[in-house]
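This report describes one predicted model for a reader who meets it here for the first time. The sequence and the structure are shown below.

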Amino acid sequence: MADASDFDGLSAEDEALVLESIDKWVRAKVAPVAMELEHANEYPQALVEDMKELGLFGALIDPQYGGLGLSATTYAKIVTRIAKEWMSLTGIFNSHLMMAQIVQKFGTQTQKDYWLPKFATGELRGGLGLTEPDAGTDLQAIRTVAKRDGDKYVVNGAKTWISNAIEGQANALLVKTDPDAQPRYKGMSMLIVSKIDPDTGEAKPGVTNGKKLEKLGYKGIDSGEFIFDNYECDAELSLVGGEEGKGFFMATGGLEIGRINIAARSVGIAQRALEESVAYAQTRKTMGKPIAEHQAIQLKLGEMGAKTRAAELLVEDAARMYDTGERIDMEAGMAKYFASETAVEVATEAMRIHGGYGYSKEYVIERLYRDAPLMCIGEGTNEMQRIIIAKQLVKRNPV
Ligand SMILES: Cc1cc2nc3c(=O)[nH]c(=O)nc-3n(C[C@H](O)[C@H](O)[C@H](O)COP(=O)(O)OP(=O)(O)OC[C@H]3O[C@@H](n4cnc5c(N)ncnc54)[C@H](O)[C@@H]3O)c2cc1C
């Protein structure tokens, strides 16, 4: 079973080189276009091509399948750096990598050999399909059904809010293979499905996308629906691990790296909002002095700085533990919960510090403010994170 934890990670020098190349790309290519593309609600196709070249779609995939095989620790730092400029971009490769991690962690050798090289290059991109119109937090309530028919599965049902659903092709799809099973999770399985035949490139029948969903922020990535109407896929290649009934466990396992990613993105949003605020507070003057010299603003900056740093450290901690290969529901939950609440608070305070300009579309603050709240919802809401943390606290400290 290979996962990110099997890789030794980069030396400090090599990690610094990787991060420098990301910084260079962000400065040269992302910064000049992020504002315009975001406000135009336009998919960043050219940047996606760059991300393929940078290897980001294979960041966590083992080098034997063509990936970079980075540790979660290095990966989280990359995510924070990109999110600091444009959070949307990090969703494009992270949703994809959650799908890849499911194959890498739980797939059969045939599945790894078939899917991972295609995922690593970004030739075949996708995400994780859990949510349905009537089931989000309560994943066990999903109704999409896959029925075995000889060497195929036939899928019927609908998914919504799926990142990369429209611009991507593949998806790690959570389905019911036994809708009557009790407890419900025992009837759930994970399939890798694709809108195109990966071997021929031809569109496959039985799957459509419905409409592109319009959002408050996070506009650089497509969020869409999947509608399956007697969609057929090969059982050997699609049923992850070759065994029914394991899908719920795979979904929650896949979400761990997703939560570290959301936490790392939140740190990027908070860091940017803080940096902009520290700079603005020194140049904006009221009552004859920079607002940074007013105690009311200092109290805000002090709190924003402390919380942003604490969030960064929690992410580092969770990523380091993920790299040991342990299940880290509590650590990932703590990082995700604290960092995302921090992103919302710091972005909101940044807007106040910027006064009217913070509300202007010419400043990055309004985008950070719109992007931050999703961090509290995605990969398990913060209500659920606190419940997960509490359960783990009790489990690990029995009396
Ligand atoms: C932009 C965007 C991108 C997304 N991308 C994806 C994706 O790629 N793949 C995917 O599968 N999904 C995706 N989602 C869906 C997202 O994961 C869900 O929205 C999220 O899990 C919450 O589910 P829900 O919206 O159905 O809310 P509900 O589950 O209906 O929850 C509503 C409220 O009730 C609370 N709540 C629910 N149950 C409990 C409980 N037991 N105890 C306490 N509080 C509870 C929740 O915390 C929330 O506050 C995306 C969503 C958005 C907005």
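## The shell around the ligand

The shell around the ligand consists of 8 nonpolar, 10 polar and 2 charged residues; Ala, Val, Leu, Ile, Met, Phe, Trp, Tyr, Cys and Pro count as nonpolar, Asp, Glu, Lys and Arg as charged, and the others, Gly among them, as polar. Of these 20 residues, Leu 130, Gly 136, Thr 137, Thr 381 and Glu 383 come nearest to the ligand.

At least two residues of the shell are supplied by each of β1 (126-129), β3 (152-163), α11 (374-377) and α12 (382-396). Helices (H or I, at least four residues) and strands (E, at least two) are DSSP runs, numbered from the N terminus. Domain 2 (127-245) and domain 3 (249-396) both contribute to the shell, so the ligand lies between them.

## Basis of the model

Residues are numbered from 1 along each chain as its sequence is written. The model is predicted: local features need pLDDT of at least 70, side-chain atom pairs count only at pLDDT 80 or more, and totals for chains, interfaces and linings use all residues.

## Domains 1 and 2

The protein chain is divided into domain 1 (4-121), domain 2 (127-245) and domain 3 (249-396), with bounds that come from an automatic or database domain assignment. The centres of domain 1 and domain 2, taken over C-alpha atoms, are 23 Å apart.

Between these two domains, 25 residues of domain 1 are in contact with 22 residues of domain 2; contact means that the C-beta atoms, placed from the backbone, lie within 7 Å. On the side of domain 1 that touches domain 2, two or more residues come from each of α2 (34-40), α4 and α5 (109-121). The largest share, 13 residues, belongs to α4. By class, this side of domain 1 has 14 nonpolar, 9 polar and 2 charged residues.

## Helix α3

In helix α3 (residues 45-54), Leu 47, Met 51 and Leu 54 are buried, whereas Gln 45, Ala 46, Glu 49 and Glu 53, on the other side of α3, are exposed. A residue is buried if 20 or more other C-beta atoms lie within 10 Å of its own, exposed if 12 or fewer, and partly exposed in between, with C-beta atoms placed from the backbone.

Which elements cover the buried residues of α3? They include α1 (12-30) and α4. After α3 comes Gly 55, whose phi is positive, near 85°.

## Backbone features

Trp 161 lies in strand β3 and counts as partly exposed, with 18 C-beta neighbours inside 10 Å. Glu 379 is placed in the loop between α11 and α12 and is buried, with 26 other C-beta atoms within 10 Å.

The peptide bond from Gln 182 to Pro 183 is cis, with omega near -10°. Pro 183 is found in the loop between β4 (170-176) and β5.

Note on methods. A residue is near a molecule or strand if its C-beta atom, placed from the backbone, lies within 6 Å of it.
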